[in-house]
Amino acid sequence: MWQKIKPYYNLDSLIAVTIILSLLAYLIGHLFLNTFFQNLLHSVLLAVIIIGTLPLLTKIATSLYQKQFGVDVIAIIAIISSLFINETIAAAVILLMLSGGESLERFAQGRARSSLEKLLSRAPSIAHLYKNGTVENSNVNLVEKGTTIIVKPNEIIPLDGIITEGSSSVDESALTGEPLPRDVSVGNEVLSGTLNESGILIIKTTTNYDQSAFFGIIRLIKQAEENKAPTVRLADRYSVFFTLTTFGIAGIATL
């Protein structure tokens, strides 16, 4: 169980879970316990907020030092301001939103990375070239378009192509998500990265490896993982303006 959770475990998730438990304890104590325990739970919640805010402050300070400004600055200032005016629950909720958002982002990145690793583990490295009844192994990167290859049962199809001999069932779930295998025979197109489940297939390739469907999916996933989404880039771009505007409105509201 721990091995499944470990890739997604991080400080932000720990802070978020601790804040949730502390908030629940505080609210239950406020409803059912006497003043002594209410004050005790309030102190615990306050300590959790302060301790939980410190690593986020360090992270933001490091980002500012590297001249990377983000809207998280507003959240941290809101937490500190809430503590100054004794709005403990408001500070806890803001910290929960901030740490929870970071935790969910890391979780999504972990899932994406895990999916990419599973996909890469299926990457074929060898293709069986078939010529005049003989079979010769070759690095899949060296196989040219129009080459005839043979794919045995329980092997990953290395390149896109058209079946010229044989029939089988092909598991395409890694590429398309379709759980049921597809029956294929002569004349059908098959995609690289899919699993040949049963019969022997002789295939004439229609692409080289760099142009194959499998390589294209890997390339897109890597690009998506390395580059920020357009909305994130837009938020980063206007974060300074948004922060200054927020401070301006807050200043006017206090007048």
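Colleague: Leaving aside its neighbours within four places in sequence, which residues is L201 in contact with?

Modeller: Please keep in mind that this is a predicted model. Once the neighbours within four places in sequence are set aside, L201 touches I149, I150, V151, I163, E165, G166, S167, S168, V184 and N196. L201 itself lies in strand β10, and its C-alpha atom is separated by 8.3 Å from that of S185, which is 16 residues away along the chain.

Colleague: Is L201 buried or exposed?

Modeller: The relative accessible area of L201 is 0%, and because anything under 20% counts as buried, L201 is a buried residue. For the protein as a whole, buried residues make up 30% of the 255 residues.

Colleague: How should I read the strands around such a residue?

Modeller: The general idea is that strands of a sheet pair through backbone hydrogen bonds, and that this pairing can be parallel or antiparallel. In this model, an open sheet of 6 strands runs in the order β2-β1-β3-β10-β5-β8, with antiparallel pairing. At its edges stand β2 (134-139) and β8 (189-190), each of which has a single partner strand, so one side of each is left without a neighbour in the sheet. Further in, β5 (residues 161-165) and β10 (residues 201-205) pair in the antiparallel sense over 4 bridges, and I163 has I203 in β10 as its bridge partner.

Colleague: In what order do the strands β4, β6, β7 and β9 stand in their open sheet?

Modeller: Those 4 strands follow the order β4-β9-β6-β7, and the pairing is again antiparallel. Here β4 (155-156) and β7 (182-184) are the edge strands, each with a single partner, which means that one side of each has no neighbour in the sheet. Strand β6 (residues 168-171) pairs with strand β9 (residues 195-196) over 2 bridges, and V170 stands opposite N196 in β9.

Colleague: And how does one describe two helices that pack together?

Modeller: Two packed helices are described by the angle between their axes and by the distance between those axes. In this case, the axes of α3 (residues 35-65) and α4 (residues 72-84) come within 10 Å and cross at roughly 145°, and the crossing is left-handed. By class, the contact of α3 with α4 has 12 nonpolar, 1 polar and 1 charged residues. Among the residues that meet there are L46, I49 and T53 in α3, and D72, I76 and I79 in α4.

Colleague: What does T53 touch, not counting residues up to four places away in sequence?

Modeller: T53 touches I76, I79 and L95. It is placed in helix α3, and with a relative accessible area of 5%, T53 is buried.

Colleague: Finally, what should I look for in the backbone angles of the loops?

Modeller: N86, in the loop between α4 and α5 (88-121), has a positive phi of about 65° although it is not a glycine. N154, in the loop between β3 (148-151) and β4, likewise has a positive phi of about 65° without being a glycine. N86 counts as exposed at 56% relative accessibility, and N154 is exposed with a relative accessible area of 59%.

Methods:
Residues numbered from 1 in each chain as written. Predicted model: local features only at pLDDT ≥ 70, side-chain atom pairs only at ≥ 80, totals over all residues. Heavy atoms only, no water. Pairing = 2+ DSSP bridges. Axes fitted to C-alpha atoms, helices over the stretch in contact; angles between N-to-C directions. Left-handed = near helix turned anticlockwise from the far one by under 90°. Contact = heavy atoms within 4.5 Å. Nonpolar A, V, L, I, M, F, W, Y, C, P; charged D, E, K, R; others polar. Buried < 20%, exposed > 50% of the residue type's maximum accessible area, 1.4 Å probe, protein only.
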